[in-house]
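Let's work through a few exercises together, one step at a time. Keep the sequence and the 3D view open while you read.

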Amino acid sequence: MATLTARESGQVDAANSSGRTPVVFIHGLWLLASSWDRWAAVFEQAGFAPVAPGWPDDPETVEEARAHPEAFAGKKVGQVADHVGDVIGNLNKKPAVVGHSFGGLLAQIIAGRGLSAATVAIDPAPFRSSLKSASPVLGNPANWKRAVTLSIEQFKYGWANALSDDEAKQLYETFHVAASGAPLFQAASANINPWTEAKVDSKRSDRGPLLLISGESDHTVPWAIVNASYKQQRRNSGVTEVATIPNRGHALTIDGGWREVADKALAFVQRFA
């Protein structure tokens, strides 16, 4: 069983002692758990107990992450899903789960394990198709085992295409860190690998309610991918909904309009958790 960090253990203990319903926030590639800090404050004010696990061996701060990018290398989808499952296993109440990008895929994996009371997956990485915008990473097979950093140009295209250059630069300097290349290869090969870890049990009857949110202008996970995930899961007996946020790119959870997305996620969680 993976070991929880001191920060994760503290958040779990606080959630358990509060008696509130926990909300577990899962970040994706090129971000840290701290990218959810503003969301955590909103959900806490609304009466929930926020828990934001990192990926295994994640540095705690952006500064530390930039000093030690090698810490991210080699992390795979299954390893991260198991770690999040361990965090949830220490909670006294079944949580709601909110994830973005690869965190959105992980949130759906967790729901497919019956561990979520309600799930919000925001611009989630696909579990049955490839990420074309990841081609700069996928073009070098050696990146499978490496930690990969986006250039400011790649960040602007994949994340901040709906933002001004000034805001794109500010987000890059504030949030961007290296990320494991392995999950991108796992997602890209999901269609042909029957044993892939990048898969979701979309038919599980106790999956719970699911909301998929798409940024209309997202270059990394475009609407077509989010809608395909919705179509694959809408026959589940649990509530399955999809929503689009107009004129927003992949940075919609951290950019200047983050609160609109947070409020939409919160409203869904309040309905079911």
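Helices (H or I, at least four residues) and strands (E, at least two) are DSSP runs, numbered from the N terminus. This is a predicted model, in which local features need pLDDT of at least 70, side-chain atom pairs count only at pLDDT 80 or more, and totals for chains, interfaces and linings use all residues. Residues are numbered from 1 along each chain as its sequence is written, and side-chain values use heavy atoms, with hydrogens and water left out.

**Exercise 1. Describe the surroundings of Ala15.**

Solution. Start with the place: Ala15 belongs to helix H1. Next, look at accessibility, where buried means under 20% relative accessible area, exposed over 50%, and partly exposed in between (1.4 Å probe, protein chains only). Ala15 counts as buried because its relative accessibility is 5%. Now list its contacts, a contact being heavy atoms within 4.5 Å. Not counting residues up to four places away in sequence, Ala15 touches Arg20, Pro22, Ala49, Val51 and Leu91. Finally, Ala15 and Gly47 are 32 residues apart along the chain, and their C-alpha atoms are separated by 11 Å.

**Exercise 2. Find the residues with the most contacts inside the largest nonpolar core.**

Solution. First, the term: a nonpolar core is a set of buried Ala, Val, Leu, Ile, Met, Phe, Trp, Tyr and Cys residues joined through side-chain atoms within 4.5 Å. The largest one here has 42 residues, and Val24, Ile26, Phe102, Leu106 and Trp159 have the most contacts inside it. Among the elements that each supply at least two residues of this core are helix H1 (6–18), strand S1 (22–26) and helix H5 (102–112). Apart from this core lies another, of 27 residues, including Ala118 and Val261. As a general background, nonpolar side chains tend to be buried together in soluble globular proteins.

Then zoom in on Val24. Leaving out residues up to four places away in sequence, its contacts include Val51, Val84, Ile88 and Leu91.

**Exercise 3. Is Val177 buried or exposed, and which residues does it contact?**

Solution. Locate Val177 in the loop between H8 and strand S6 (179–180). Its relative accessible area is 2%, so Val177 is buried. Setting aside neighbours within four places in sequence, Val177 is in contact with Trp30, Leu31, Leu32, Val62, Ala65 and Phe72.

**Exercise 4. Work out what helix H10 packs against.**

Solution. Begin with the buried residues of helix H10 (residues 223–233): Ile225, Val226, Asn227, Ser229, Tyr230 and Gln233.

**Exercise 5. Step back: how many helices and strands does the protein chain have?**

Solution. Counting the runs gives 11 helices and 8 strands. Of the 273 residues, 54% count as buried. The C-alpha trace spans about 45 × 40 × 35 Å along its principal axes.
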